[in-house]
There are 2 protein chains.
Amino acid sequence: MPKLRVQNFAISLDGYGAGPDQNVEHPLGVGGERLHEWAFATRSMRRMHGMEGGETGLDDDFAARGETEIAATIVGRNMFGPIRGSWGDESWTGWWGDDPPFHHPVFVLTHHPRAPLTMEAGTTFHFVDDGIEAALEQALDAAGGADVRLGGGVATIQQYLRARLIDEMHVAIVPTLLGRGERLFDHLDRGPDGYECVEFACSPSVAHVRLARA
Amino acid sequence: MPKLRVQNFAISLDGYGAGPDQNVEHPLGVGGERLHEWAFATRSMRRMHGMEGGETGLDDDFAARGETEIAATIVGRNMFGPIRGSWGDESWTGWWGDDPPFHHPVFVLTHHPRAPLTMEAGTTFHFVDDGIEAALEQALDAAGGADVRLGGGVATIQQYLRARLIDEMHVAIVPTLLGRGERLFDHLDRGPDGYECVEFACSPSVAHVRLARA
C-alpha cells in the first residue's frame with residue numbers, strides 16, 4: 001500500500017518546526033533556516049538543488065530517503081508562498097524559481113481556486129480547495145503506486161496527524177533553540193496517539209526519529 | 001564559580017518533562033516513568049538507589065555527571081510530594097522513603113513554612129518559603145563551593161530559566177511520545193534566549209543535550 005510520509009522535517013530542541021513571522025525574506029520564519037543547515041550540507045539535498053559536493057553519512061542517508069519511492073508531494077499554502085487570501089494576479093509561482101526541486105506533481109492546499117501551474121522538469125502545482133482528504137486522494141492517484149510526501153508546514157502536518165492520515169514521519173531534532181515559532185507537536189487533540197518511534201539514530205548534528213502509525 | 005545545574009532532565013519527543021495528573025501512584029505523572037527508563041538502566045543511577053549492576057557507556061556517563069561536584073539540590077514542591085496547600089500533619093517525608101538518594105541538603109520551594117526534616121545518610125530537607133533566589137543562596141551556602149543541582153520539576157526549571165539563574169542544563173531527549181503533560185520549553189517569556197547548545201551526543205536510546213548560558 002502506498003504511504004503518506006513526512007520526511008526530513010526538522011524541529012528545534014524546543015520543538016519548533018519553523019521560526020515566527022514568515023514572509024518573503026524569511027520563507028522558514030525568522031531563524032528557521034538554522035533547522036535546515038544539516039540537510040543542505042548533505043550530498044543528496046545539494047544534488048536535489050542542482051549543486052555538487054556535500055557530505056555523506058547518516059544525515060545524507062535520511063535526506064536521500066526523503067526522495068526515494070516518492071512520486072507526489074502535498075504542501076500547505078505557506079510552504080508554497082507568503083501570500084494570504086486570494087491569489088491576486090497569480091504572479092507568485094512558489095519559493096523555488098523556475099525549476100522547483102520536486103520534479104513531480106505537487107498538491108497545494110488552499111481555500112482559493114487556481115488553475116494548475118506547470119513549471120520546468122516535471123513539477124506541476126495543483127491547487128486543491130476541497131480539503132486534506134481530497135488532496136491525499138489526488139496525490140495518491142498522481143503517484144501511481146509510489147508514496148506521497150507530506151512536505152509541511154507545521155499546521156498542515158498537524159491537520160493530517162489529527163486525521164490519522166500520516167503513515168510515517170521522519171523528524172530531525174536539531175540541537176538549537178528557537179524560542180518562538182510554530183511547534184510541531186501542538187494542537188493535536190488526543191496527542192499523537194497511535195504513533196510510535198520505530199527508528200532512532202543520531203549524527204553529530206541531528207537526532208533522527210522515525211514515527212509510524214502503530 | 002559554583003554553578004546551578006540541571007542534570008539528567010528527561011523530556012519526550014513532544015517536549016514533555018512529566019506526564020499529566022501527578023498523584024501518589026504516579027509521582028512522574030501518567031506515563032512519565034517512560035522518560036526515566038534509560039537512567040534507571042545505568043550503573044550510576046542504580047548505585048545511587050542502592051542497586052547493583054546496570055549499563056555503562058554514554059548514558060551512564062551522563063547519569064554519573066549528575067552527581068559529580070554537586071553538594072546541594074533544589075526541588076519544587078511537586079518533586080517532593082503530591083500534597084498541595086499546607087503541610088497538614090507533616091507525615092509526608094518525600095517520595096523516596098527513609099533514605100532519599102540525595103545524601104546532601106535539599107531545598108524544597110514552598111509557600112508553606114515547615115521545619116527542616118533530617119533523613120538518613122546526610123539528606124536534610126529544608127523548606128524555603130521566600131522565593132527562588134533565596135533558595136539558590138541557601139543552597140550555594142550549603143554546597144560550600146561545589147555546584148548546586150536544580151532537580152525540577154518542569155515549573156521550577158521554568159522559573160529559574162526565566163530568571164536566567166541556571167548556568168548549565170543537561171536535557172535527555174527520549175524517543176517516545178507522551179501526548180500530554182508538562183512541557184519543559186514553555187512559559188519562558190522571551191524563550192530560552194541567552195542559552196546555547198554546547199554538547200550533543202546520543203546513545204541508542206537517548207539524545208543528550210547540554211545547554212549553557214552564553
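1. Two strands count as paired if DSSP finds at least two bridges between them. With that in mind, the model discussed here is a predicted one. In chain B, strand β4 (residues 105-109) and strand β6 (residues 124-128) run parallel and are joined by five bridges. Within this pairing, B:Pro105 stands opposite B:Thr124 of β6(B).

2. The pair belongs to an open sheet of nine strands in chain B, whose pairing is mixed. Read across the sheet, the order is β5-β6-β4-β3-β7-β1-β8-β11-β10. Strands β5 (117-118) and β10 (195-202) of chain B form the edges, each pairing on one side only. Helix α3 (residues 58-65) of chain B packs on this sheet and touches β1 (4-12), β8 (168-174), β10 and β11 (207-213) of chain B. The direction of α3 makes about 140 degrees with that of β1(B).

3. A further helix of chain B, α6 (residues 154-162), lies across β1, β3 (70-75), β4 and β7 (147-152) of that chain. Relative to β7(B), helix α6 runs at about 130 degrees.

4. How buried is strand β1 of chain A? Eight of the nine residues of β1(A) (residues 4-12) are buried, so the strand is largely enclosed by the rest of the structure. β1(A) runs parallel to strand β7 (residues 147-152) of chain A, to which two bridges join it. With strand β8 (residues 168-174) of chain A, β1(A) pairs over six bridges, also in the parallel sense. A:Arg5 takes part in both pairings: its bridge partner in β7(A) is A:Arg149, and in β8(A) A:Arg5 stands opposite A:Glu168.

5. Is B:Ala39 buried or exposed? This residue lies in helix α1 (residues 37-40) of chain B. B:Ala39 has 22 C-beta neighbours inside 10 Å and therefore counts as buried, the cut-off being 20 or more. Leaving aside residues up to four places away in sequence, B:Ala39 touches B:Asn8, B:Ala10, B:Met45 and B:Ala63. The C-alpha atoms of B:Ala39 and B:Phe62 are separated by 8.9 Å, the two residues being 23 residues apart along the chain.

6. The last point concerns the two chains together.

Note on methods
Residues numbered from 1 in each chain as written. Chains lettered and ligands numbered in written order. Predicted model: local features only at pLDDT ≥ 70, side-chain atom pairs only at ≥ 80, totals over all residues. Helix = DSSP H or I, 4+ residues; strand = E, 2+ residues; numbered from the N terminus. Contact = placed C-beta atoms within 7 Å. Axes fitted to C-alpha atoms, helices over the stretch in contact; angles between N-to-C directions. Buried ≥ 20, exposed ≤ 12 C-beta atoms within 10 Å, placed from the backbone.
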